[in-house]
Amino acid sequence: MPSIEALLPILACPCCGSSLLNDGESQILCDQGHEFPVVNGVPILFEPEERESIERDYGDATQMQGEYRKSALARVRSLVKRAVGSSLRLPIDPRVARTYELVDGDWRLEIGSGLVEAGPKTVNLDIGMFGGVNVVGSGCRLPFADESFSLIRSLAVLEHIREPQKMIAEMLRVLKPGGYIYTEIPFLQHFHAYPNDFQRLTKQGLRQAFAGCEVVVDGIVSGPSSALTALIGDYCELWTFSDRRWLNDIVRTIPLVLLWPLKFLDHVLVRNRRAHEICSGLYLLCRKPNTPVDNRPSLDAAPSIAELSTDNSDVSSSTPLDVRIHS
Ligand SMILES: [Zn+2]
């Protein structure tokens, strides 16, 4: 995980955009006098109005903390979910893994990182002090200088953002020309709030959301059979007419256990070009147009999209993706 000194050159004041200075161990400040606390080496960089908006939507993030907690029971739940859960994560196009190799050594940003561990040149940003987070801040007011990153990822985050276009505009601001954005978003999935869940996007909607970028590849991360079995479980759960979590878990799990082999049909069904019409989740890899405004180094030297189009399954298998789609 990078130290705060290593992060300072790419950090920017979320209030005025100017650069930040380390002022002792417990705070950092900008040229204009805006001050921000540093807790356990992690800078907390909220613009005050944005912080109020986040508190309105998410409270003090304790519900998210609960979802992310690493208790033994939570781990067992997670293992059972993966084994007999309704959702099957499909193989992603090898160009996505190839992109990660291209930007190796450059700064990358993970928005809504939760517990994902930060690599040496990775900024893990989230709205609370979760396990792997090294900068606390808002996706809609990113506390970074323009054109700081070569790769930005957001996995199952956009649906929880009240104004997703704000966050996308911020992602494009802090991305270098020629840099990449990889995003995943649910399509046919149940409402899942921690404590808010604002929208779903279709394949076309996801492309439209990143209309300022060149699409490298998009596809299905979780297919129609996953969507169907999960919705049957959720449908059965409604019949408990109860808010008791243990009861709902049991009622939802029974159909999921009975139907769990269905999800493997997605390996076949995903070949249908219309599979996206009722899939569970989508992904998009896109690239910011290369319109350099100065001579700063960017991905100019990286292969073009045409070169990227040459599939390389070795790269894919050696660089597994993090799994964080809801199930
Ligand atoms: Zn400032």
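**Close-up views of a predicted protein model**

**View 1. Strand 2 and strand 3 run antiparallel.** Three bridges join strand 2 (residues 27-30) to strand 3 (residues 35-39), which run antiparallel. Strands are DSSP runs (E, at least two residues), numbered from the N terminus, and two strands pair if DSSP finds at least two bridges between them. Gln27 has Pro37 of strand 3 as its bridge partner. Four residues separate the two strands of this hairpin, and Gly33 in the turn has a positive phi of about 90 degrees. This is a predicted model, in which local features need pLDDT of at least 70 and side-chain atom pairs count only at pLDDT 80 or more, whereas totals for chains, interfaces and linings use all residues. Residues are numbered from 1 along each chain as its sequence is written.

**View 2. Strand 3 also forms a hairpin with strand 4.** Two bridges join strand 3 to strand 4 (residues 42-45), and the two run antiparallel. Val38 stands opposite Pro43 of strand 4. In the turn, which has two residues between the strands, Asn40 has a positive phi of about 50 degrees.

**View 3. Ile152 belongs to the largest nonpolar core.** Such a core is a set of buried Ala, Val, Leu, Ile, Met, Phe, Trp, Tyr and Cys residues joined through C-beta atoms within 7 Å; a residue is buried if 20 or more other C-beta atoms, placed from the backbone, lie within 10 Å of its own. Among the 61 residues of this core, Ile152, Ile181 and Leu282 touch the most other members. Leaving aside residues up to four places away in sequence, Ile152 touches Leu109, Ile111, Met171, Leu175 and Ile181.

Technical notes
Buried ≥ 20, exposed ≤ 12 C-beta atoms within 10 Å, placed from the backbone. Contact = placed C-beta atoms within 7 Å.
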